[in-house]
Amino acid sequence: MEFKNITVSWKEYCNISELEQPDIDLLSAAREVSKAAYAPYSGFMVGAAIRLENGVIVIGANVENAAFPSGICAERNALSTASANYPGIRPVTIAISARTSKGLTPEPVSPCGNCRQVIAEEEFRYGKGIKIILGGSSRVRIIENGGDLLPLQFSRDDLKTIP
Ligand code: THU
């Protein structure tokens, strides 16, 4: 038996103003688009903004549905929009922000497992990590690679294990 271990590291900031200007701009775009969420069931409005390698910012918000699983998260909405409108252009950074009726969440909100899996596939697709910015109003986290949020992830290698 061998004991194995994975460590996750991230940067933590107390204020958005500590970030570099392109990251401030991206997180501001995520905050803004969270207002466009359609979240009548949870009241949890999420915005995602993606900076592509060509500098374009693509945005998305969550869209809920009375049939709950038919809803889609902000991150996957934005990634799908980017994939359809800018095929072959690599996502470099994703900023995520959430708000309720009380305003922006003070703490950063993390992408759900489903979105982490989709982010991981994009990283594989373009052969490079995607920087993740999780922005609360009183704390901001930066994770250098989305894959860090999904250790031991399912990938195409697992498909090859079929006997
Ligand atoms: N949601 C997102 O859009 N992104 C996340 O990272 C977490 C959750 C949405 C899904 C649902 O519409 C609402 O937030 C509550 O879970």
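**Reading a ligand pocket**

Me: Where does the ligand sit in this structure?

Reply: The ligand takes up the space of the largest pocket. Keep in mind that this is a predicted model.

Me: How do I read a pocket, and what volume does the largest pocket have here?

Reply: Here's the general idea: if you roll a probe the size of a water molecule over the atoms, you see where empty space is left. In this case, the largest pocket comes out at about 270 Å³. It has 19 lining residues, and the closest to its centre are Ser 42, Asn 62, Glu 64, Ile 72 and Cys 73.

Me: Okay, and how does that lining divide into nonpolar, polar and charged residues?

Reply: You'd sort the lining into 12 nonpolar, 5 polar and 2 charged residues.

Me: Which residues are around the ligand itself?

Reply: Look for Ser 42, Phe 44, Val 46, Asn 62, Glu 64, Cys 73, Ala 74, Glu 75, Ser 110, Pro 111 and Cys 112. That shell splits into 6 nonpolar, 3 polar and 2 charged residues.

Me: How much of the ligand's accessible area does the protein cover?

Reply: On its own, the ligand has 370 Å² of accessible area, and the protein covers 76% of that.

Note on methods: Residues are numbered from 1 along each chain as its sequence is written. This is a predicted model: local features need pLDDT of at least 70, side-chain atom pairs count only at pLDDT 80 or more; totals for chains, interfaces and linings use all residues. Side-chain values use heavy atoms; hydrogens and water are left out. A residue is near a molecule or strand if one of its heavy atoms lies within 4 Å of it. Accessible areas come from the Shrake-Rupley method with a 1.4 Å probe; for residues, only the protein chains shown count as cover. On a 1 Å grid over the protein atoms alone, a cavity is a set of points where a 1.4 Å probe fits but cannot get out, and a pocket is an open set with protein on both sides within 12 Å along at least five of seven lines; lining residues have an atom within 4 Å of a point. A molecule sits in a cavity or pocket if more than half of its atoms lie within 2 Å of its grid points. Ala, Val, Leu, Ile, Met, Phe, Trp, Tyr, Cys and Pro count as nonpolar, Asp, Glu, Lys and Arg as charged, and the others, Gly among them, as polar. Grid points are joined across faces, edges and corners, and a volume is the space filled by probe spheres set on the points.
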